[in-house]
Amino acid sequence: MTRTVLVRVLLVALVVVVLLPAAFWALQRRLIYLPDPGPVPAAASVLPGAEDVRLRTADGLELGAWYLRPAGRDPAATVLVAGGNGGNRAGRAPLAAKLVQAGLAVLLLDYRGYGGNPGDPSEDGLALDVRAAHRYLTEDRRVPPGRLVYFGESLGSAVVTELALEHPPAGLLLRSPFVDLAAVGAEIYPYLPVRLLLRDRFPVKEQAARLRLPAVVVVGGRDSIVPPAQSREVAAAASARLVEIPDADHNDRVLLDGPELVEAVVSLVPR
């Protein structure tokens, strides 16, 4: 090996061993959180009868959210929907419409940095955001905890599982949950020491194992983002009913508002 070749090999090794992990450390939250930050339309223009509401977090942020309830009747329960790491609440409107058709009220939460909201997302920040949503429902809307169902989509599964430890709901729906953020990150970045570098942990399986409440885990059998085996692990830890949709990938429509998903939410409503 010539001196020139050796120098090039060493430079490549330097990039892989030092510079790449350093870049991941600095930019990791931009890789984890993928919000559509732009303003969303008025709630009623997307979901007839929906309201634009404001949530105040404990650290002083005001977040936009949408609230919708069945017309002319009391809802059987209220569903707090915590979305995944991408998009904003407008993308969850089809789910809200189906849940309202099933007789449920819905609050679509957007985290800080999502959907025109101020702030930058982080694990601690999202925990404050979902607590603001919980306060709005229990204090402003006076929803009894026994009539609350939490719905977490992917990353949102971590958000509502952590909330459930402090404020247990009547039921918990986890859609495509992962064991923890490092476990799914290692699938996406197998060449990086993800567990050592991550700032945000989201230990879903560990927290789910401490819950004692009705739970359902919905998983796509062909999920290419969160390995289905991880969702099954979470279901086992939570002693949850597992609903597996065999041919569904992570972002397929059936996992957004499909009949199996809606039925799973309805199954958690207290009778």
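User: Which residue in E8 stands opposite valine 149?
Analyst: This is a predicted model, where local features need pLDDT of at least 70 and side-chain atom pairs count only at pLDDT 80 or more, while totals for chains, interfaces and linings use all residues. Residues are numbered from 1 along each chain as its sequence is written, and side-chain values use heavy atoms, with hydrogens and water left out. E7 and E8 pair in the parallel sense over five bridges (pairing requires at least two bridges found by DSSP). In E8, valine 149 stands opposite glycine 171.

User: How many helices and strands does the secondary structure come to?
Analyst: Helices (H or I, at least four residues) and strands (E, at least two) are DSSP runs, numbered from the N terminus. On that basis, the count for the protein is eleven helices and ten strands.

User: What share of the 271 residues is buried?
Analyst: A residue is buried under 20% relative accessible area, exposed over 50% and partly exposed in between, using a 1.4 Å probe and protein chains only. The share of buried residues in the protein is 51%.

User: Which strands are the edge strands of the open sheet?
Analyst: Eight strands form this open sheet with mixed pairing, in the order E2-E3-E6-E4-E7-E8-E9-E10. Two of them pair on one side only: the edge strands are E2 (51-56) and E10 (241-245).

User: By what angle are neighbouring strands of this sheet turned against each other on average?
Analyst: Axes here are lines fitted to C-alpha atoms, for helices over the stretch in contact, and angles run from 0 to 180 degrees between N-to-C directions. For neighbouring strands of the sheet, direction is ignored, and the average turn is 20°.

User: What angle does the direction of H4 make with that of E2?
Analyst: H4 packs on the sheet and touches E2, E3 (62-68), E4 (78-82), E6 and E7 (148-153), where contact means heavy atoms within 4.5 Å. The direction of H4 makes an angle with that of E2 of about 120°.

User: And what angle does the direction of helix H5 make with that of E7?
Analyst: Helix H5, residues 155-166, packs on the sheet as well, touching E4, E7 and E8. Its direction and that of E7 make an angle of about 145°.

User: How many of the residues of E7 are buried?
Analyst: Both faces of E7 are covered, with Leu148, Tyr150 and Gly152 on one side and Val149, Phe151 and Glu153 on the other. In a regular strand, side chains alternate between the two faces of the sheet. E7 is largely enclosed by the rest of the structure, because the number of its residues that are buried is six of the six.

User: In E7, which residue is the bridge partner of leucine 80?
Analyst: E4 and E7 run parallel and are joined by five bridges. Within E7, leucine 80 has as its bridge partner tyrosine 150.

User: Is arginine 112 buried or exposed, and with what relative accessible area?
Analyst: Arginine 112 sits in the loop between strand E6 (105-109) and helix H4 (123-140). Its contacts, leaving aside neighbours within four places in sequence, include Thr57, Leu61, Pro118 and Leu128. Arginine 112 is buried, and its relative accessible area is 6%.

User: With which aspartate side chains does arginine 112 make a polar contact?
Analyst: A polar contact is a pair of N or O atoms within 3.5 Å; within protein, one must be able to donate a hydrogen and the other to accept it, and residues adjacent in sequence count only if both atoms are side-chain atoms. One partner of the arginine 112 side chain, at 2.8 Å, is aspartate 59. The side chain of arginine 112 also makes a polar contact of 2.8 Å with that of aspartate 129.

User: What relative accessible area does arginine 142 have?
Analyst: Arginine 142 lies in the loop between H4 and E7. Its phi is near 55°, a positive value in a residue other than glycine. Arginine 142 is exposed, with a relative accessible area of 69%.

User: Serine 154 is not a glycine, so what is its positive phi?
Analyst: The loop between E7 and H5 holds serine 154, which counts as buried at 7% relative accessibility. Its phi is positive, at about 55°.
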